[in-house]
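Try each exercise on your own before you read the solution under it.

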Amino acid sequence: MKNLEDIMGRPVHFEIHVDDMERATVFYGEVFGWTFEDWSEYAGMPYFGAVTGDANQPGINGALMQRQSAPSEQNRAIIGYVCTMGVEDYDSAETKILNNGGKVAMPKYALPGMAWQGYYVDTEGNVFGIHQPDENAQ
């Protein structure tokens, strides 16, 4: 276990607010291969822990939680954080997103010499990004 000083200020958990828990778990499970654990009893509301990958790899786990108010209006500035997921194959990830009910928010673009990046809207109206490292991106 690391000392608390080693993780202060570093993201250690995320929450994605959702309207339909089943729809959201299917979306993130199919698109990114996440698995979920029902933590509703602890949270006192629908709350599913998201295991996003191998604990020995970089990254964090999070949760899907029941949205507690109306969602933000579409096509407005984002208030909050946008999570970006690393992917091995951008085009394949985009196909999975679109085939599972997601929509393009900002199409794929190059971060020259670094990566491919783009943003999408999930089935719950939340914006997220995908990022494929590629030093040849132009």
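This is a predicted model: local features need pLDDT of at least 70, side-chain atom pairs count only at pLDDT 80 or more; totals for chains, interfaces and linings use all residues.

Residues are numbered from 1 along each chain as its sequence is written, and side-chain values use heavy atoms, with hydrogens and water left out.

**Exercise 1. Work out the strand order of the sheet that holds β5, and say which strands stand at its edges.**

Step 1: Helices (H or I, at least four residues) and strands (E, at least two) are DSSP runs, numbered from the N terminus, and two strands pair if DSSP finds at least two bridges between them.

Step 2: read off the order. It's an open sheet of four strands, β5-β8-β7-β6, with mixed pairing.

Step 3: find the edges. β5 (84-86) and β6 (103-111) each have a single partner strand, so one side of each lacks a neighbour in the sheet. From one strand to the next, the twist averages 20 degrees; axes here are lines fitted to C-alpha atoms (for helices over the stretch in contact), with angles from 0 to 180 degrees between N-to-C directions.

Step 4: follow the pairs. β6 and β7 are antiparallel over six bridges, with A110 opposite W116 in β7. β7 (residues 115-121) and β8 (residues 127-133) are also antiparallel, over seven bridges, and there Q117 faces H131 of β8.

Step 5: check the turns. Three residues sit between the strands in the β6 and β7 hairpin, where G113 has a positive phi near 75 degrees. The β7 and β8 hairpin has five residues between its strands, and G125 in that turn takes a positive phi of about 90 degrees.

**Exercise 2. Which residues of α4 are buried, and why do they end up on the same side?**

Step 1: pick out the buried ones (under 20% relative accessible area; exposed is over 50%, partly exposed in between; 1.4 Å probe, protein chains only). In α4 (residues 90-99) they are Y90, A93, E94 and I97.

Step 2: explain the side. Their arc around the axis is only 100 degrees, which puts them on the same side of α4; the arc is that of the directions from the helix axis to the C-beta atoms. The general rule is that an α-helix has 3.6 residues a turn, so residues three or four places apart point the same way.

Step 3: see what covers them. The cover includes α2, β6, β7 and β8.

Step 4: inspect the ends. At the N-terminal end, D89 caps α4 with a side-chain oxygen 3.2 Å from the backbone nitrogen of D91. Just after α4, G101 has a positive phi of about 100 degrees.

**Exercise 3. Find which residues touch the most other members of the largest nonpolar core.**

Step 1: define the core as a set of buried Ala, Val, Leu, Ile, Met, Phe, Trp, Tyr and Cys residues joined through side-chain atoms within 4.5 Å.

Step 2: among its 23 residues, Y28, F32, W34, F128 and I130 touch the most other members. β1 (14-18), α2, α4, β7 and β8 are the elements giving two or more residues, and α2 supplies the largest share, six.

Step 3: zoom in on I130. Beyond four places in sequence, its contacts (heavy atoms within 4.5 Å) include F32, Y90, I97 and W116.

**Exercise 4. Is N100 buried or partly exposed, and what does its side chain reach?**

Step 1: locate N100 in the loop between α4 and β6.

Step 2: at 24% relative accessibility, N100 is classed as partly exposed.

Step 3: follow the side chain of N100 to the backbone oxygen of K96, at 2.8 Å.

Step 4: list the residues N100 touches beyond four places in sequence: F27, E30, V31 and T123.

Methods
A polar contact is a pair of N or O atoms within 3.5 Å; within protein, one must be able to donate a hydrogen and the other to accept it, and residues adjacent in sequence count only if both atoms are side-chain atoms.
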